[in-house]
Amino acid sequence: MKYSLFQVPVNQVVKGTAYSHFCAGEDVEEASKTLQRMWELGLRGILDYSSEDATDNESCDKNLQKFVHVVRQSSRLPQGSVSTSCVKISAICPIQLLERVSDLFRWQHVHKEFKLPWKQDVIPFLAEESPTHHVTSPPEPLTKEEEIDLTLAHKRLKDLCEACEQEGLPLLIDAEYSSVQPAIDYIIHAAAAEFNKGDRPLIYGTMQAYLKDSFSRLSLAVRGSHERGLSYGVKLVRGAYLSRENEMASFLRVPSPIHPNIESTHRCYNSCAAFMLEQAATGDGAVMLATHNMDSGRIAAAKALELGLSRDDPRVQFAQLKGMADLLSLALAQAGFRVVKYLPFGPVSEVIPYLVRRAEENRGLLGNTIHERQAIRTELRRRLLQF
């Protein structure tokens, strides 16, 4: 009762502040209008229905319907204005099942003789240094009901991929917290085996550079895709679950899976970006460079040109979130690169987890904000002097 009493005023406050800054609207129609305004500035968009952490098949099925609706709506927008569609696997597969499957994969990673009869033959998704401390004893096998639920999750992703394929729209799958990421990567690679057989990938996974094992897992994915004759697409990010990862490591009394400082994360991100740009230059990969860091954006742009990649090459895109690093977005777009704005949307109550992460991530963003303010002041001064 207390919650319902205060929910409306709290939601109104959030909508008038952080929500309006970072989100594109409460439904796909509102978000589409925001995307068209971005397109007028030379920026592409991704309509991001911000749903995650489903708990049962019914909610997963409802989420799938909404994701497919977004894909259909995207096809009605100006040609070229929508870069990709996107989804979180935890929105179409119950979160508790992702945790169970991830623990089974970690145990098998250490104990090679451990059998998982339901596991498909996919590209490796755990590296030698990937943490396995989440499990200290053999996990219980999946029940028949859980195996059915996993099959349903595969089917939902396949249905979404087919919708994207029909509309000619790639599908970008977000990374989530490390406790469920092995299962997410497994589901992605299983779908990629069917849908990434052409010259351009339909499915893009996501690699979080703040994780210590990210470059190794990226290398495994590229090599495995090449060996199987698949195209490989990936979005590179620094990572958005810093507090959760450190709290989990502290609770388990194990080292954090995250690099010890922001400088190490920057170096890892830039190394991953250079590696994927090299793959794109040879036709073996495609990359979305999602960064709010000015230096990383500048370094990646210079590397792309050094490798002879066209500024408008669809295999290379830059991306920023709505309300963040707008100066970087516009500078890259004006230089001729493909630049995408992530446009999260959904009811205020559903996007609160997303808004909390925006407050926690990108510790270097304050410096970027200072640069943006200085640039705006310089431009205003220049215009005033013209009169």
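I began with burial, taking buried to mean under 20% relative accessible area, exposed over 50% and partly exposed in between, with a 1.4 Å probe and protein chains only. The model I am reading is predicted, so I kept to its limits: local features need pLDDT of at least 70, side-chain atom pairs count only at pLDDT 80 or more, and totals for chains, interfaces and linings use all residues. Residues are numbered from 1 along each chain as its sequence is written, and side-chain values use heavy atoms, with hydrogens and water left out.

**Entry 1: overview.** I looked up the secondary structure and found 13 helices and 8 strands in the protein, where helices (H or I, at least four residues) and strands (E, at least two) are DSSP runs numbered from the N terminus. Of the 387 residues, 53% are buried. With contact meaning heavy atoms within 4.5 Å, I noted that residues 24 or more positions apart account for 79% of the contacts that have a separation of 6 or more.

**Entry 2: positive phi.** I checked two residues other than glycine. Ala325, in the loop between strand 7 (316-321) and helix 11 (326-334), has a positive phi of about 55°, and it counts as buried because its relative accessibility is 5%. Arg253 has a positive phi near 60° and sits in the loop between helix 8 (242-252) and helix 9 (262-281); at 80% relative accessibility, Arg253 counts as exposed.

**Entry 3: aromatic pairs.** A pair of aromatic rings is described by the distance of the centres and the angle of the planes. I used the rule that rings of Phe, Tyr and Trp (its six-membered ring) pair if their centres lie within 6.5 Å, with planes under 30 degrees apart counted as stacked, over 60 as edge-to-face and the rest as tilted. Searching the whole structure gave me 10 aromatic pairs. In one of them, Tyr49 and Phe345 have ring centres 5.8 Å apart and planes at 40°, so I recorded the pair as tilted. This pair links distant parts of the chain, since Tyr49 is in strand 1 (residues 44-49) and Phe345 in strand 8 (residues 339-345), 296 residues apart. Tyr49 is buried at 7% relative accessibility, and Phe345 is buried at 4%.

I then turned to Trp118 and Tyr186, an edge-to-face pair with 6.3 Å centre to centre and 75° between the planes. Trp118 lies in the loop between helix 4 (95-110) and helix 5 (144-167) and Tyr186 in helix 6 (residues 181-195), so the pair ties together parts 68 residues apart in sequence. Trp118 is buried at 15%, and Tyr186 is buried at 0%. I also noted that Phe105, Trp118, Phe125 and Tyr186 form one aromatic cluster.

**Entry 4: helix 4 against helix 6.** The axes of these two helices come within 7 Å and cross at roughly 90°, the axes being lines fitted to C-alpha atoms over the stretch in contact, with angles from 0 to 180 degrees between N-to-C directions. The contact includes Phe105 of helix 4 and Tyr186 of helix 6. By class, I found 8 nonpolar, 2 polar and 1 charged residues in this contact (Ala, Val, Leu, Ile, Met, Phe, Trp, Tyr, Cys and Pro count as nonpolar, Asp, Glu, Lys and Arg as charged, and the others, Gly among them, as polar).

**Entry 5: charges over rings.** I counted a charge as over a ring if NZ of Lys or CZ of Arg is within 6 Å of the ring centre and within 35 degrees of the ring normal. Arg238 lies over the face of Tyr269, at 4.4 Å from the ring centre, and Arg244 lies over the face of Tyr177, at 3.5 Å.
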